[in-house]
2 protein chains.
Amino acid sequence: MREDTRTRIQEIALRLFTEQGYEATSLREIAEELGVTKAALYYHFKTKDDIVTSLVDLRIADVEELLEWVKSQPRTPETRREVLERYAAKLKRPQHIQMARFLERNQTALRDHPKLSRMRDLMLELANQLSGPEATPVERISRSLALFALHAGKWMPGDLTEDEVDKASMEVALRLLEP
Amino acid sequence: MREDTRTRIQEIALRLFTEQGYEATSLREIAEELGVTKAALYYHFKTKDDIVTSLVDLRIADVEELLEWVKSQPRTPETRREVLERYAAKLKRPQHIQMARFLERNQTALRDHPKLSRMRDLMLELANQLSGPEATPVERISRSLALFALHAGKWMPGDLTEDEVDKASMEVALRLLEP
DNA sequence: GTCTATAACGGGATAGAC
DNA sequence: GTCTATCCCGTTATAGAC
């Protein structure tokens, strides 16, 4: 049973965009790896940009969901803790780790892409939800950093196991939530 | 007194590479803004890559200096605190803020550039110097994040003054050094 | 749904005049 | 030190056959 071609294009594109960068990845490369020609891609996606759009949409839905949840909750320490846990759980799914990397690494190259702007706005809003309007600058920076800490796996050198990094990141993140 | 052309090329290139990304910035754009033609750039720099090299060299020297200093010091809490302060002081100079942004935003596009690899290695080593070999995973992540916290100015939304962000970032960073 | 062929363009880089 | 002119290449994208 061959996988949907459209889906395979998305997988390959996401990997190459992440490894090499969006601009540095040509449609020819994607097509070659898929075993078809460039032109075939144009049947599935109108432009190179459209591939990005289709990718980001998945993650936007995910973060929007988390954002709506947190807004429906009382602004308590317990809620904040659970935001981190839900966010970490999302991150653990392989697709989303890679998507997070892709977004991080291509923010500049794709700075004018509407979907990327939307993602940035959502992440900022999520960070803000951890603070609230009355928070001090120290609290606001500290709590924004808490979200970031959960991405630690990506830049920590490799002599720690994945599990060690996950646990330790969460511990650091939780500490950053404390007043 | 006109400024050195070579220096002006560096300034314009750094700004455009940072704003738009390395790949997305063409030599034509740089030349146009300088008021000369593409070909003129080739008198001053052998390739587009060479412009990057000339830029990164400045910052490499800076971080190497800090790294040598920390290695010459005893591994104490006081030393670690001073590393953060020296690093923050370097960051405050406008050239280096922009250089840090440039490096951050073009890590993927320039992942094969030897000077960029060198910069990454230096930053990792600096982060490691804050921990030492016997540190727990939580300490290592926490202390690496301390360095990162000092860059907070770049992604915090704009309703805080620069001074507020600087002070608060340092406070968060110092807290991340604590056991 | 995938192909071949090709258009149309912009990129980095070079040669040689001034 | 800067110019014009040009080369060569890879890129996105399209047209039309199968």
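How far is a phosphate oxygen of DNA strand C from an N or O atom in the side chain of R28(B)? The distance is 3.2 Å, which falls under the cut-off for a polar contact (a pair of N or O atoms within 3.5 Å; within protein, one must be able to donate a hydrogen and the other to accept it, and residues adjacent in sequence count only if both atoms are side-chain atoms). This is a predicted model, in which local features need pLDDT of at least 70 and side-chain atom pairs count only at pLDDT 80 or more, while totals for chains, interfaces and linings use all residues. Residues are numbered from 1 along each chain as its sequence is written, chains are lettered from A and ligands numbered from 1 in the order in which they are written, and side-chain values use heavy atoms, with hydrogens and water left out.

We stay with DNA strand C. It is surrounded by 18 residues, and the closest are T37(A), Y43(A), H44(A), L27(B) and Y42(B). Here a residue is near a strand if one of its heavy atoms lies within 4 Å of it. Of the atoms of DNA strand C that come within 4 Å of the protein, 58% are accounted for by sugar and phosphate. Two or more residues of the surface near DNA strand C come from each of α3 of chain A, α2 (27-34) of chain B and α3 of chain B. Helices such as these are DSSP runs (H or I, at least four residues), numbered from the N terminus. The most is given by α3(A), with 4 residues.

Next comes DNA strand D. It has 18 residues around it, and the closest include K38(A), Y42(A) and T37(B). Sugar or phosphate makes up 64% of the atoms of DNA strand D within 4 Å of the protein, and the rest belong to bases. One base oxygen lies 3.0 Å from an N or O atom in the side chain of K38(A). The largest share of the surface near DNA strand D is 4 residues, from α3(B).

We now turn to a helix of chain A. Helix α7, residues 114-129, has 16 residues and reaches 23 Å from its first C-alpha to its last, close to the expected 22 Å (1.5 Å times one less than its number of residues). Its buried residues (under 20% relative accessible area, with a 1.4 Å probe and protein chains only) are L116(A), M119(A), L122(A), L126(A), A127(A) and Q129(A). Seen down the axis, these buried residues fall within an arc of 160 degrees, so they line one face of α7(A); the arc is that of the directions from the helix axis to the C-beta atoms. They pack against α4 (48-72), α5 (77-92), α6 (94-105) and α8 (137-149) of chain A.

The last stop is a loop residue in chain B. H113(B) sits between α6 (94-105) and α7 (114-129) of that chain. At 5% relative accessibility, H113(B) counts as buried. Leaving out residues up to four places away in sequence, H113(B) touches D49(B), V52(B) and T53(B), where contact means heavy atoms within 4.5 Å. The side chains of H113(B) and D49(B) are joined by a polar contact of 2.9 Å.

Technical notes:
Buried < 20%, exposed > 50% of the residue type's maximum accessible area, 1.4 Å probe, protein only.
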